[in-house]
Amino acid sequence: MSNILVISGHPDLSQSYTNTVILNQLKQARSDIHVRDLASLYPDSKVDVAAEQAALLEAEVIVLQFPFYWYSVPGIMKQWMDDVLTYGFAYGSTGDKLKGKKLIISTTIGGPEASYSAEGYNQYTVEQLLYPLHQTAKLAQLEWQAPLISHGMIYIPGVYNSQAEVEAKAQQHAERLLDQIEALLPAEHGQIKQFVTDWFRKLDTLEQDVTPYLPHLADNVVFEVPEGRFEGHDGFEVWYRQLRGLFQPGCQHQVEPLMIESLGEGRFDLRFDVTLSAKSHHGESLSVNASEHWQLVLSQGGVKIQYYSVSVS
Ligand SMILES: Cc1cc2nc3c(=O)[nH]c(=O)nc-3n(C[C@H](O)[C@H](O)[C@H](O)COP(=O)(O)O)c2cc1C
């Protein structure tokens, strides 16, 4: 499973120039990112502890995304910590429910970097100011990751920065965060992504020879595709011939975010969208949007597809 939980502590995202950009970019980039916007979930600050703990239990990577307020987290995020990180859940002799989960602190800070030093007007480094969060993570047995910090993120028209400036920095912040998340996910995810990329690159060429595909298909593989239901290697060959009859070689498959879930014992469930741009043999340009659902097995011998479904919207 790759479940990335992002807890947003901004008190009002409708007034945000940077956190809102970061959150939108995260959601667009990966469908396995779940964002919980505390301020909109709990406008009365009454946190649903059971729902929050359930979301944490599901997560592999936890991101606390917030604007730095008075050298700390905004009030709603502190409320969330006070209510959710309870004895027996996050700490205490049986409070090991967060053990081993990875925690990324991701924060936007108004003041410039130089101000956060012994010589600067903020006196302390951000690292020092984050000590309470660092120790919270330690007590809860969370795995502390390098915090992601962007400075100079305040926009007050005519006073501090320009909107375009802070938005551009927010985009860069989101990209760095996505890279950090990616690096924390199991190596299998990278292998599967590469396999999917290679698969569609091959399918783009629609070469006559079907043999390069066969080592990646389980003997009893099932295809449920718009052209029908096909089984086994022979079934794949029939379907592949139909595709070659429909489209000219040199088409393009564009894969949108890939959701990878581990089913255990090397089996994985994949869901993603694909846009196919192709030409028919009559020279007509076609664009097809499809949702795909695959199941595959990853072993030392590589990847084998067991189930492959395509539905066209
Ligand atoms: C109540 C409040 C407290 C703030 N405290 C700090 C602070 O202690 N240090 C700092 O550098 N910036 C501080 N700022 C600036 C915010 O960090 C900055 O505006 C925010 O990160 C921008 O995020 P947004 O565009 O998503 O609202 C504060 C802003 C507000 C509104």
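Reader: What share of the contacts in the protein with a separation of 6 or more comes from residues 24 or more positions apart?

Author: Such residues account for 66% of these contacts. Two residues are called in contact if their C-beta atoms, placed from the backbone, lie within 7 Å. The structure is a predicted model, in which local features need pLDDT of at least 70 and side-chain atom pairs count only at pLDDT 80 or more, while totals for chains, interfaces and linings use all residues. Residues are numbered from 1 along each chain as its sequence is written.

Reader: Where is Leu 206 found, and with which residues is Leu 206 in contact, leaving aside its neighbours within four places in sequence?

Author: Leu 206 belongs to the loop that runs between helix 8 (187–205) and strand 7 (217–225). Helices (H or I, at least four residues) and strands (E, at least two) are DSSP runs numbered from the N terminus. Apart from those sequence neighbours, Leu 206 is in contact with Leu 243, Arg 244, Phe 247, Pro 249 and Cys 251. Cys 251 is 45 residues from Leu 206 along the chain, and their C-alpha atoms are 8.1 Å apart.

Reader: What makes the shell around the ligand polar, nonpolar or charged by class?

Author: The shell holds 9 nonpolar, 7 polar and no charged residues. Ala, Val, Leu, Ile, Met, Phe, Trp, Tyr, Cys and Pro count as nonpolar, Asp, Glu, Lys and Arg as charged, and the others, Gly among them, as polar. Of the 16 residues around the ligand, those nearest include Ser 16, Asn 19 and Pro 67. A residue is near a molecule if its C-beta atom, placed from the backbone, lies within 6 Å of it.

Reader: How do you know into which domains the protein is divided?

Author: The bounds come from an automatic or database domain assignment, which gives domain 1 (4–185) and domain 2 (188–312). Their C-alpha centres lie 38 Å apart. An unreviewed UniProt entry annotates residues 190–307 as "domain: SnoaL-like"; UniProt positions follow the numbering used here, feature names are shortened, and annotations may be inferred rather than shown by experiment. Over residues 190–307, the chain is 26% helix and 48% strand.
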